[in-house]
Amino acid sequence: MRAARLIKMVLLLQSRPSMTAAELARELEVSERTITRDAQALSEAGVPVYADRGRTGGYRLVGGYRTRLTGLARSEAEALFLSGVPGALREMGLEDASSAAQLKVSAALLPSLKDASRTAAQRFHLDAPAWFAEPKTPELLPAIAEAVWDDRRITARYRREETELERELEPYGLVLKAGVWYVCARVIGPASRAGAESEPGPFRVYRIERFTSAEPGTDRFERDESFDLPRFWSEQAEQFARSLLRATIVVRLTEAGARRLKHTVDPLSAQEALDAAGPPDGEGRVTLTLPVESYDVAYTQFLSLGPEAEVLEPAQLRKRFSDAAARVAAYYLDTATRTDKD
C-alpha cells in the first residue's frame, strides 16, 4: 500500500513544478504528516525530493528527475483502455488519434498484458443514448471539439425559442448526457473601453444541436485553472432539475408507493420529501409535500402509481384523479358485466 502511494507521489511531482503538502495529502488521501514521512523515505531511497519552505513553498523534484517506474499492473492497463469511449471519440473526430494512442500503448506493454485491450472491451461497453431515442451527432460537434482541445474562442450562433443569438465563447469542456452533447463555455462580453480586451463573463451550458454556426478564432484563450468541469456540470444539472419544479402537491402514499416514488419523480426531490414527511398514519400511509414540474406532469407521473398514491392537494388535481378513477372503475365494471352475461 505504501509502495503504491510513494510511486504515485513521485509521478504527481513529476507532472507538476511543485506541490504543497496539503495538495499532496488531498491527492493521496493521507495526512500532511504522512506526506512529510513519505518525502523523507523517497529522499533516503535516492529520489531527489526537495522541500521549499515558506508560504509559497512545497515539494518538487530536483534537476528534472524523471522516474522509470512506468510498469502497469493488469487492472491498470485494462482501466487505461476503458478510458476511451469509442462512440464519443468518433463523434468528436478523435477516433484516429485514439486508435493510434492505443496501438502505441499496446506496443509498450509487457507480453503478459498484450490482451488488456481485448479483455477490457469484453467486460465493459458504454451505450450513452437513452432508451427509445435515436442518437444523432450534431453537425458542428467536431469543430467545437477541436476548439475545446485547442483552447480557441468561437463565434457561435444558436437558436433560443424563436430567435437566433450570436455569442463569443471560450469553450471549456464537452459533456455527453443521455446521448445529447453539451458545451460548457464562458461567455465573452464586449470590451469595456476602446482598445481593451473583451471582459470574460459567466460560464454557461449550451446544447450543441441548437448551434447554427460555430467559427473558431485564431487566438487561444487562457483557461481559468480553477474551473472544474465535473463539478460545474453537476451543479448546473442540479440547478436545472430544480428550476423545472415550479409547482407543489400534497400526496398520501402506501409503503409500496413510497418505495416507487424515486422511480416516478425527480429522485432527489422525492428523497427530500420522504425525509421531511411525518410518521405513517393508522393505515400505514405517509403524507408528504412534493415539488413537481407542473400539475399536468404530476398527473401523468402519479397515474403510474395507481392505488398506491392519493393526491390530496391541490383540489383541481385531486378532482382529475377522481374523475380518472371513476372512468377506469366504470370501464372495468362494464367489462365484468358483459363477461358475466356472456
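Which strand does Tyr158 lie in? Tyr158 belongs to strand S3, residues 152–160, where helices (H or I, at least four residues) and strands (E, at least two) are DSSP runs numbered from the N terminus. Before going on, note that this is a predicted model, in which local features need pLDDT of at least 70 and side-chain atom pairs count only at pLDDT 80 or more, while totals for chains, interfaces and linings use all residues. Residues are numbered from 1 along each chain as its sequence is written, and side-chain values use heavy atoms, with hydrogens and water left out.

Now the overall picture. The chain has 13 helices and ten strands. Of its 342 residues, 31% count as buried, meaning under 20% relative accessible area, with exposed being over 50% and partly exposed in between (1.4 Å probe, protein chains only). Take the contacts (heavy atoms within 4.5 Å) with a separation of 6 or more: residues 24 or more positions apart account for 61% of them.

Back to Tyr158, which counts as buried because its relative accessibility is 5%. Leaving out residues up to four places away in sequence, Tyr158 touches Thr163, Glu164, Leu165, Arg167, Tyr206, Arg210, Phe211 and Thr212. Tyr158 and Phe211 sit 53 residues apart in sequence, yet their C-alpha atoms are 4.0 Å apart in space.

Let's hop to the start of the chain. Helix H1 (residues 2–15) packs with helix H2 (residues 21–28) at an angle of about 130°, their axes 11 Å apart. Axes here are lines fitted to C-alpha atoms, for helices over the stretch in contact, and angles run from 0 to 180 degrees between N-to-C directions. That angle makes H1 oblique to H2, since under 35 degrees is roughly parallel, over 145 roughly antiparallel, 65 to 115 roughly perpendicular and the rest oblique. On the H1 side, Arg5, Lys8, Met9, Leu12 and Leu13 meet Leu24, Glu27 and Leu28 of H2.

With a relative accessible area of 23%, Val30 is partly exposed. Setting aside neighbours within four places in sequence, Val30 is in contact with Arg5, Ala25 and Ile35. Val30 and Arg5 are 25 residues apart along the chain, with 9.6 Å between their C-alpha atoms.

Last stop: helix H11 (residues 267–276), where Ser269, Ala270 and Ala273 are buried. They are on the same side of H11 because they cover an arc of only 100° around the axis, judged by the directions from the helix axis to the C-beta atoms. What do the buried residues of H11 pack against? Their partner is strand S9 (286–292).
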